[in-house]
Protein chains: 2
Amino acid sequence: MSVLVTGGGGFLGAPLLELLSASGEELHAVHKRPHPPQLAGVQWHRCDLLDAASVERLIAELVPARLVHLAWYVEHGKYWQAPENVAWVEATLRLLRLFIAAGGRRAVLAGTCAEYAWSRERYSETAPLVPATMYGVAKNATREVAERLAVDAGVELAWTRVFMPYGPAEPPGRLLASVIGALMAGREAPVTEGTQIRDFIYVDDLARAFAAILDSSLQGAVNVGTGEGTQIRALVECAAQALDRDDLVRWGAVPQREGEPAELVADVSRLAEEVGFSPAVGVREGVERTVAWWRERAR
Amino acid sequence: MSVLVTGGGGFLGAPLLELLSASGEELHAVHKRPHPPQLAGVQWHRCDLLDAASVERLIAELVPARLVHLAWYVEHGKYWQAPENVAWVEATLRLLRLFIAAGGRRAVLAGTCAEYAWSRERYSETAPLVPATMYGVAKNATREVAERLAVDAGVELAWTRVFMPYGPAEPPGRLLASVIGALMAGREAPVTEGTQIRDFIYVDDLARAFAAILDSSLQGAVNVGTGEGTQIRALVECAAQALDRDDLVRWGAVPQREGEPAELVADVSRLAEEVGFSPAVGVREGVERTVAWWRERAR
C-alpha cells in the first residue's frame, strides 16, 4: 500500500513524513519547490496541485491507496480572507475525486477549527458550523462535498479540524516564529494583549495525531488539539523567558484581529477514544524546544 | 454592459436567451455542441466549462459585466447522486472567480430546492440547509463559497433555489417529457402514485424570473417557484387529458425515489417583494402548451 502526502515540505508535512517514513510503507510526497528536503524513504514528486493536468498525471502514475492532503493556501496574514482559498477548494476536490476514481481507499484531509461558529469556549465535532472567515467557509464547503463523495464511493475519509499548531519551522510571520525572531535579534516584539485562549498543539504531536488518524479507521470530522486552553500571553511569556528577553515584549502593541474569538479549545474525546491519541508535549516544553530549534538554526 | 449565459442551449437557457436578446444588450452564450441554436442577438462561444484553460480564454476575451450560470451536470436519473457533481462545484467556483477577477459586477447562479433539509411543507430561504442528495450537497457548498467570495469582492451575487421546472424541450427522461412521449406513441406511461406535492414552474415563467433577478439588485439566496403546490398526479392527469389517453397511465408502476420528500413548495415572498416577479402560467395551461409543443415537433 502506498501513501501520498501533499504539503509534504510544509510545517506539518515535514515531521509527518519523518514519522511515516519509519513504517517502511511506499511513501510519496508532493512538492512545488525545485529542491525538496532529503528524507530517507520518501519519493518526491514535483506537482502543482492547482493545475489539473499535473494532478491527473501524478495520480495516474502513483495510484496511491492512501492520501494525506495538507496543502492549501497558507500565506500568513492573508489566508483568513484571501480569494485564493477558492482555488484550493477546487484543487482539493479535484485531487480527491481523481484519487477515488483511481481506486484510493482512505484519505485524511486537513480541515480547521475555523469551520465552527466561534460562539462558545469548547468545541465538539457536532458544534454548529458557521465559519466567520473565507478560510473557514472554504474548508467547510470542501468537507461537505468531500465527505459525501467518499461515503457514496465507499472510501474512508477522515477530516481533521486542526486547532493551533506551533513549533519549529513555522511559516514566517506566525506568532511564535516572529516573537522568537525579534527577541533573538534583540528587537522589540509587538503583540496583542494576549488574553485570547487557544488550544495550542506542538507540531510533533500534531504529526503523531495525523499518523494515528491515517492508521485508524475513523471517518468524518475529528478535532485535533490537546483539549487544553492556554492564553496566548502564556505562550509568548514562555518564549521570552526561554530567551531571557521579557523586556522586549510589547503587550497590546498589536490590535486583536477583528472577529477573533476569545476562546477556542477542542473537545478531543473523539481523538482520544477512537484514535487513542494523546499529546506528549506541554506548552512550556514545546516552546522551549522551538526556541532551541531557532538557536540551533542561527548558529 | 455584456452578459454571459452558460447552459445557454439548455431547457431553461434557450427561453432565457430569447428574453434577454430582446433587451439589445451585448449577449454571449456558451455551448458545448458543434451547432448551437440560431438566435438573433446571441453570440455563441464554444467552451468546455470543465476545462480550466478554455474558461480562462473565454473570460479574458469577453470580460463580461454580468453572468448567468446555468450549466451543470443534469443527466436525468443520475444527477441526484453522481460524482460528476463534484467537477461542477470546481467548474462553477473557477468560472465565478475568473469572472470576478476580470471585473465582473453581477452574477446569477442556479441553485436548487435540494439544498434544503427536506423536512417540512413549505420552504423560506432561511429554512435549514441539510441536503439529502449529492446534487444538493454540491450546489449548497458551491453557494457557501460563491457568496463569500462575491461579498468579499464587492460583487453582487444572487443564488436561485429553483423548484420544479417543466415545459417544452425538457431533457429526455424527465417526468412530463416521458409521459407525453409515451402517450403520443400510444404506449403505456408507468408513473408513481403521484401523491407527492411539488412547486411546478413553467419554464417560460422560470426564464422570466431569471431575467427579472438579473435586472434586480437582489443578493443572496432566493426561491424560484410559484408558491403553489400541485400533486404530481394532477400534472400527469393534465397531460393525459390533453392527449385524451388517460387509459395508458399506469399509476404506481414506478416506486417513489428513496428519501423523496412528500411536499416541496417554495415560499416565494422574497421573489415577489424584492424582484416583483409573479408567475403567469398555471399548471393546466403550462402542460397544455407543453403538449402542443410536442405535437408540433412530431409533425
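Reply:

In chain A, S7(A) and strand S12 (residues 220-224) run parallel and are joined by 5 bridges. Strands pair if DSSP finds at least two bridges between them. Helices (H or I, at least four residues) and strands (E, at least two) are DSSP runs, numbered from the N terminus. This is a predicted model, in which local features need pLDDT of at least 70 and side-chain atom pairs count only at pLDDT 80 or more, while totals for chains, interfaces and linings use all residues. Residues are numbered from 1 along each chain as its sequence is written, and chains are lettered from A and ligands numbered from 1 in the order in which they are written.

Strand S7 covers residues 156-162 of chain A and is mostly covered, with 6 of its 7 residues buried. A residue is buried if 20 or more other C-beta atoms, placed from the backbone, lie within 10 Å of its own, exposed if 12 or fewer do, and partly exposed in between.

Next come two helices of chain A. H3(A) and H4(A) pack with their axes 9 Å apart, at an angle of about 15 degrees. Axes are lines fitted to C-alpha atoms, for helices over the stretch in contact, and angles run from 0 to 180 degrees between N-to-C directions. H3(A) and H4(A) are therefore roughly parallel to each other; angles under 35 degrees count as roughly parallel, over 145 as roughly antiparallel, 65 to 115 as roughly perpendicular and the rest as oblique. The crossing of H3(A) past H4(A) is right-handed, a term for the near helix being turned clockwise from the far one by less than a right angle, with anticlockwise being left-handed. Residues in this contact include Trp88(A), Leu93(A) and Ile100(A) of H3(A) and Tyr135(A), Val145(A) and Leu149(A) of H4(A). Two residues are in contact if their C-beta atoms, placed from the backbone, lie within 7 Å. By class, this helix contact has 15 nonpolar, 3 polar and 1 charged residues. Ala, Val, Leu, Ile, Met, Phe, Trp, Tyr, Cys and Pro count as nonpolar, Asp, Glu, Lys and Arg as charged, and the others, Gly among them, as polar.

Chain A also touches chain B, with 20 residues taken from chain A and 20 residues from chain B. On the side of chain A, helix H3 (84-101) and helix H4 (134-153) are the elements that give two or more residues. H4(A) supplies the largest share, 10 residues. That side of chain A has 13 nonpolar, 1 polar and 6 charged residues.

Chain B has a helix pair of its own. The axes of helix H5 (residues 175-184) and H9(B) come within 11 Å and cross at roughly 55 degrees, so H5(B) and H9(B) are oblique to each other. Their crossing is right-handed. The contact includes Ile180(B) of H5(B) and Trp294(B) of H9(B), and has 7 nonpolar, 1 polar and no charged residues. Glu288(B) lies in helix H9 (residues 283-298) of chain B, and counts as partly exposed because it has 16 C-beta neighbours inside 10 Å.
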